[in-house]
Amino acid sequence: MTGGRMIMEAPLVDAELLTLKKRVDSLEEQVRTLTAANLALVRSMENLQRISPAAAG
């Protein structure tokens with residue numbers, strides 16, 4: 001009966017894998033957003049230091 005049980009569980013595993021894939025996709029998007037924000041912050045700080053070194057320190 002193990003074979004029959006495996007067949008019945010396959011759709012549940014597929015559904016769980018799909019859920020996990022969506023979660024990973026969401027997390028990847030969050031990482032891209034945070035990376036872009038971090039890069040923008042670093043560039044702003046670099047520009048601020050170029051314009052006014054005393055203000056940045």
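Which residue forms a salt bridge with Glu29? I began my entries with this point and found that the partner is Arg32, the closest N and O atoms being 2.8 Å apart. I note that the model I examined is a predicted one.

**Entry 1: Glu29 and Arg32**

I looked up where the two residues sit. Both Glu29 and Arg32 belong to helix α1, and they are three residues apart, about one turn of the helix. I then checked how accessible they are. Glu29 has a relative accessible area of 40% and is partly exposed, because this class lies between the 20% and 50% limits. Arg32, with a relative accessible area of 48%, is partly exposed.

**Entry 2: the other pair**

I counted the salt bridges and recorded two in the structure. Besides the pair above, I found one between Asp25 and Lys21. Here the closest N and O atoms are 3.0 Å apart. Asp25 and Lys21 are both in helix α1, with a spacing of four residues, about one turn of the helix. I looked up the accessibility of each partner. Asp25 counts as partly exposed at 34% relative accessibility, and Lys21 counts as partly exposed at 49%.

**Entry 3: the nonpolar patch**

I next searched the surface for nonpolar side chains. Val13, Leu17 and Leu20 form a nonpolar patch there, and together they have about 270 Å² of accessible area. Leu20 is placed in helix α1, which covers residues 2-51. Its relative accessible area is 47%, so Leu20 is partly exposed, as this value falls between 20% and 50%.

**Entry 4: the whole chain**

I finally turned to the chain as a whole. I recorded two helices and zero strands. The chain has 57 residues, and buried residues make up 0% of them. I noted an accessible surface of about 5,200 Å² for the chain. Carbon and sulfur atoms account for 66% of that surface.

How values were computed: Residues numbered from 1 in each chain as written. Predicted model: local features only at pLDDT ≥ 70, side-chain atom pairs only at ≥ 80, totals over all residues. Heavy atoms only, no water. Patch = residues over 30% accessible without salt bridge, like charges linked within 9 Å, V, L, I, M, F, W, Y side chains within 5 Å. Areas by Shrake-Rupley, 256 points an atom, 1.4 Å probe, with all protein chains shown as cover. Salt bridge = Lys/Arg side-chain N within 4 Å of Asp/Glu carboxyl O. Buried < 20%, exposed > 50% of the residue type's maximum accessible area, 1.4 Å probe, protein only.
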